[in-house]
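Work through the exercises below with the sequence and the 3D structure at hand, and try each task before reading its solution.

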Amino acid sequence: MSGYGKERSGWLPRMLAAGMALWLVAGPLWAQPHEERPDVRVVVDVSGSMRDNDPERLAVSALDLLVALLPSGARAGVWTFGETVDNPLPLGEVDAAWREQALTLPPALQAYQQYTDIEAALNAASRGEADGWRHLVLLTDGMIDLSPGRGPKPEIDRASRRRLVEERAAELADQGVAVHAIAFSSEADLALVERLAQSTGGLAALAESPEGLLGAFLDIVERIFPADQVPLDEGRFVIDDGVETFSALIFHEPDDAPLTLVAPDGTRYRADDAPGDVRWQEESRFDLIRVPDPQAGEWRLEGDVGEESRVNVASPLHLRTTDLPTTLYRGFDVPVEAWITHDGGPFEGGEDLTLSVALQDAEGEVQSRVVLEPEAGRYRGRLPAPALTGNAHLVIRAESEALKRQRSQAVNVLPAIGAVHRPRAGRVVLVAEHPGLNRDNTEIVGELQGERLEAEAVGERRWHLALPVLDPSLSLPLLLEATIELDGERQTLSLPRLVLYPDGRLGIGVADVAGPTLATESFDEQADASLPPPETSAERAADRFVELVNRMPEAARDLWQAGWPGLQDLWQAHRRDPRLWGALAALTLALMVLVLIRRRQSRRPPRREEPHV
């Protein structure tokens, strides 16, 4: 998170506030008309840990950005949570009044509470019916921390976490609720964030900078509200006769030279001399340019054009696809079906039309690509299996002499079968992440130093592979292979190499092949290992007293600055905490002892001193 300094926290709110009006005008270009009206329900963590893990207040900027990107007519609301859950912006239709109310929320997003109840927040925000899917956008540092007044810790935290990943996530998916989760710290429970997204058909991302936040939110909005774009290549894009309006969102660095937009006839446009019908918003890190009734032909931008830049178009022609998955699995092909419509009906004149789909990694590099084949008015094909895991984009393109269109959809790529080494148990644990794999259609074998090892099924989707006695000072690669029978086809899947004892003296590079399920379990095991040995009641009381004494100056200063409202907030937040009552009792007892000592001293006769010789 280093490298941004003070400027990092200031540019994004200013950018969003300045661009709000234009986003309201350009909003329809960023959302294709939908038969359904999905709800967008933003769930913001206001726990005390977010004070440390989100020091630049990215959560506030994130809400501003989402408010700016949401198309008019959508339904949205905002929930906040710490120990308790609040709904400062109820679910309603997005219009000018809704946006104005949303922009008054930042104080509520910084009213920090002591604990973090993610389970209660998701339960509250997911209630109520919707015309389409309910999309929950969870902004959190991802650490569940419940009040000790509800039971012994850490047992209550882990129980809540297990309910979320083992029960509640599947229930939300069945109810038409997708959870898109953005974590604000690498110290967060990233496995929980990824597992919630995977189970409910959402996206997961880690955003530690304004740039990462911007990209994550654009991905979520474009996933919920798909939009037509034209390809932007080295600052050049082609506009066809059917385009009614285009909106170019161009990212750049603050010190870059001003942009120039050049029309096909050579007309040059700049922010300071754009004609009245061209709306141009110029900010330190982006330009937003809206051009109605544009000339057909190739347009070009002179100046630096950032990677996240895009050009959306409004046109009777639309690029359509069947539902694209949010999660892909390493080793499995991706079926894709796409087509072009004209005013909602069939597109005529597509004799030279070519449709293709590509998978791009987080750096924009193409990992695989396939041309779709025409079939009964639509185009179908199978994208080769992803070879890498992580965040990626599916990019569908339609090209002919008459038009160029594309659509980009963010995806998460996971291992089909996760694997993790359990040294104390002397085995490797494997879990199927792909929903179609189980003990009945999957056999797993390993090869270690030329020896063949067979995995034993120990559950519906879990296997154990026993290991021989190994020297922990040596790093050894374990090769894993799965034989799968799925949809009437038999295939062999090579799993990513798992390195045993990667910290050994002869280490080999290790890849993250655990997957969200085993990563979630590993998080719990690490929490167990980090727990200190049990303390006696006297030791616990002494530790708490020392901690209380050490925190008194800071707490007193905070209370003095907060005044009476701060005391009221403190009382409301902690009045059910037994530690508060214990502290008050200890303070009362200390005051009583102090008063008694003073009284005894005041009654004691003065001591007479004899003169010295």
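Two exercises follow, each with a worked solution.

This is a predicted model, in which local features need pLDDT of at least 70 and side-chain atom pairs count only at pLDDT 80 or more, while totals for chains, interfaces and linings use all residues. Residues are numbered from 1 along each chain as its sequence is written, and side-chain values use heavy atoms, with hydrogens and water left out.

**Exercise 1.** Find where Ile144 lies, and decide whether Ile144 is buried or exposed.

*Solution.* Begin with the loop between strand S4 (134-140) and helix H7 (155-174), where Ile144 is found; helices (H or I, at least four residues) and strands (E, at least two) are DSSP runs, numbered from the N terminus. Next, take the relative accessible area of Ile144, which is 12%, so this residue is buried (under 20%, with exposed over 50% and partly exposed in between, 1.4 Å probe, protein chains only). Finally, look beyond the neighbours within four places in sequence: Ile144 is in contact with residues including Thr116, Asp157 and Leu192, where contact means heavy atoms within 4.5 Å.

**Exercise 2.** Describe how the ring of Phe246 pairs with that of Trp299.

*Solution.* First, note that rings of Phe, Tyr and Trp (its six-membered ring) pair if their centres lie within 6.5 Å, with planes under 30 degrees apart counted as stacked, over 60 as edge-to-face and the rest as tilted. Phe246 is buried, as its relative accessible area is 0%. With Trp299 it forms an edge-to-face pair, at 5.2 Å centre to centre and 75° between the planes. Because Phe246 lies in strand S9 (residues 245-251) and Trp299 in strand S14 (residues 297-302), the pair ties together parts that are 53 residues apart in sequence.
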